[in-house]
Each structure stands twice: as structure tokens, then as C-alpha cells.
Amino acid sequence: MGKVKDKCGPLARRPDNSAFKQQRLPAWSPMLTANTVLPFFYFMALLCMFLGVWLLLTVQATQELKLDYTEAGTCFTCFEMRKNLSRAAEPCTCTLEFEIKKAFKGDVFFYYGLQNFHQNLRRYMDSRDDGQMVGRKNKLTNPSTYCTPFKTDQTGLPIAPCGAVANSIFNDSLTLRYRGLSVPLLRTGITWYTDKNIKYRNPTNGSMALAQVFEGTARPPYWHKPVYELDTLSPNNNGFINDDLIVWMREAAFPNFKKLYGVLHRADDTVFTKGLPAGNYSLSVSYNFPVQYFRGRKEVVLTTLTWFGGQNHFLPVAYLVTSSLILLAAVVLTVVWLKFGKNGRKMQE
């Protein structure tokens, strides 16, 4: 192939005389006709309709029960109490009665939900120290300035964990009862593996106990107990690797969200082996988390899961709507083709 780059004038900028630069490569130019386009439209409409119906049936196979306990039952007294900041630290317990009409079969997941709580605010999301949460000793005593004003307490002690995210952790305690029996929940193993084993780690100092490692730090202002005493029943579920803390620290993208609280423990030879039986239940709540300051609501969600996840109709409805639009377009194009002819002679007339 000849090159003319050594020449001057207009020919100096001419591309090489190659098949690629002169656009002489073999190419396939499909001829779009009604015989090829219309079958494709109908096929895509049927495919989207099949996927939409399949996913819709899958979603409807899940069972879900939502209970808003913000002011329900005896929780109204606690709701009014939390309006008074001077009584914010006083304990308050309430009970909510409800009925499960159809048994929840299989694994049952227990969620708590919040409405109108914006975890996606940038300043809120930045108010944390990931170096501290990964167990770095220097960050334990000297948190990041991003945690301000929850970096140190009034006496100057560093807060662990620091920041607005950790300080606002959901701290209601929820207990489900059935015929006087406490429904057993697995409260550990509810986090992502990478969060539990990589992203969050406790600081260590030889053979010192966890309480000694955190000596010289303060708990967040809104917490009732320090980070090394979050779980009194499981010593290995304390500190920065506490499951409830890890679940909360993964911020939600929308103001209305739910987070996993526990999973039904289906022990052998119990009434809960096959799931949650139908009947009357009661929910006991240690009411600590205030929601009236941001006009929020609190709820409990009981649900089963499938391979598709929980009860979410967005994707099935999206497929069905897309199928309808494609089918409508295909019908319109078919009518136009039949009326005016495939070569457009009737249109010219």
C-alpha cells in the first residue's frame, strides 16, 4: 500500500490506500422489510409477555405481612413519650396483636422498616470512618474529621463507632410471640460475607479483651450501651462485627426501606419447623427509636423469599408493559403494511 505522508500539499492528509481506511471491508447491510421486522416484533412481544407472567406468578407465590407499629396498640404511649427529649432515655415497652390467616411455609425473614428516613443524604453517608470500622488502632483513638460532630464526646474522648450513620442505628428490640411461645429468630449470619469478614473488623491488641481494647473511647450519644456490649448472648457478635450494626451501616438508596432483623429458626420437633403457623401473634417492642422528628413511620415485615427475592412487582409489571407496547407497535405496523402495500405504491397514489 502506497503512502503519501512524505508529500506536501493536499495529498499529505489523504488516508492510506487500505481496505480499512478506505472503507472497502466486506460488510453486511440487512434489508429491513415487513417480512423480517414484523415477526421480530411479535416474537419480542411474546417473549416479554412470557417473562412478565412467569415473574408475576413467582412474586405472587411469596407471602408478606406488614405491620406498622408506630402508634398502633399500646405503642401510642411510647410514641408520645419519645416526643419529650427529657424522657428519651426512659424505657418503654408496648405490644401489638395481629393475626396470620395463612401459614408462612419455609424460611421466614423478619425485617424492620422505616419510612421517610433519608439514609442517602451525602453528608449523612460521609459521616463515618471506614478505617475505624476495619479495625485500625490509630483510627480508633483519632477518628476521621468526616465524623464531626460525632467524632468526640463532650469530654474529648473519641467516639467508637463515630459518625452520624452509626449514631442513628435502629435500636428497637422486637420479640414475636405465638400462643405464649417466643418465636425463635436467628440474629446472626444476616450480613454479607464480605462485610462480616473483610469490611468490618474489630481492633485487636494481643490477648486483651474487647472491652479493654475499646478502653479510652466513648459510645455514640444516642446509644444506650457501648459497642462491645451490643450482644450479651453472643460474645462473638460484639464490636464492629455486630450483625445489626453492619446491616445498618449499609445505607439504603431510598427513604422508604427495610433491613433484615432476623430469620426464623426452624428447629426440629417444634411448632416452627415448617414455618410460621396460622394463628394469633403478638409483637413486643422495646420502643427506643424516635421517628416523629423526621415524620417517619416504623413497621415490621414478615416475608418468605423465592429465587427471585421478595415481593416486588416492578420487574414483572415492566415486562408486561413493554410487551403491550411492542405488541401495539407490531399491530400498527402490520395494519399500515397491509393497507399501503409492501412497496408503497398505494401510498404514492
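Which charged end sits over the ring of Y261?

1. The charged end of R187 does, 3.8 Å from the ring centre. A charge counts as over a ring if NZ of Lys or CZ of Arg is within 6 Å of the ring centre and within 35 degrees of the ring normal. K258 is placed over Y111 in this way, 4.8 Å from the centre of that ring.

2. A word on the model: it is predicted, with local features needing pLDDT of at least 70 and side-chain atom pairs pLDDT 80 or more, while totals for chains, interfaces and linings use all residues. Residues are numbered from 1 along each chain as its sequence is written, and side-chain values use heavy atoms, leaving out hydrogens and water.

3. Y261 also belongs to a cluster linked by ring pairs, whose members include F110, W248 and F294. Rings of Phe, Tyr and Trp (its six-membered ring) pair if their centres lie within 6.5 Å; planes under 30 degrees apart are stacked, over 60 edge-to-face and the rest tilted.

4. The whole structure holds 21 aromatic pairs. One of them, F98 with Y281, is stacked, at 5.8 Å centre to centre and 15 degrees between the planes. Because F98 lies in strand β2 and Y281 in strand β10, this pair ties together parts 183 residues apart in sequence. Strands are DSSP runs of E, at least two residues, and helices runs of H or I, at least four, numbered from the N terminus.

5. V331, in helix α10, is partly exposed at 40%.

How values were computed: Buried < 20%, exposed > 50% of the residue type's maximum accessible area, 1.4 Å probe, protein only.
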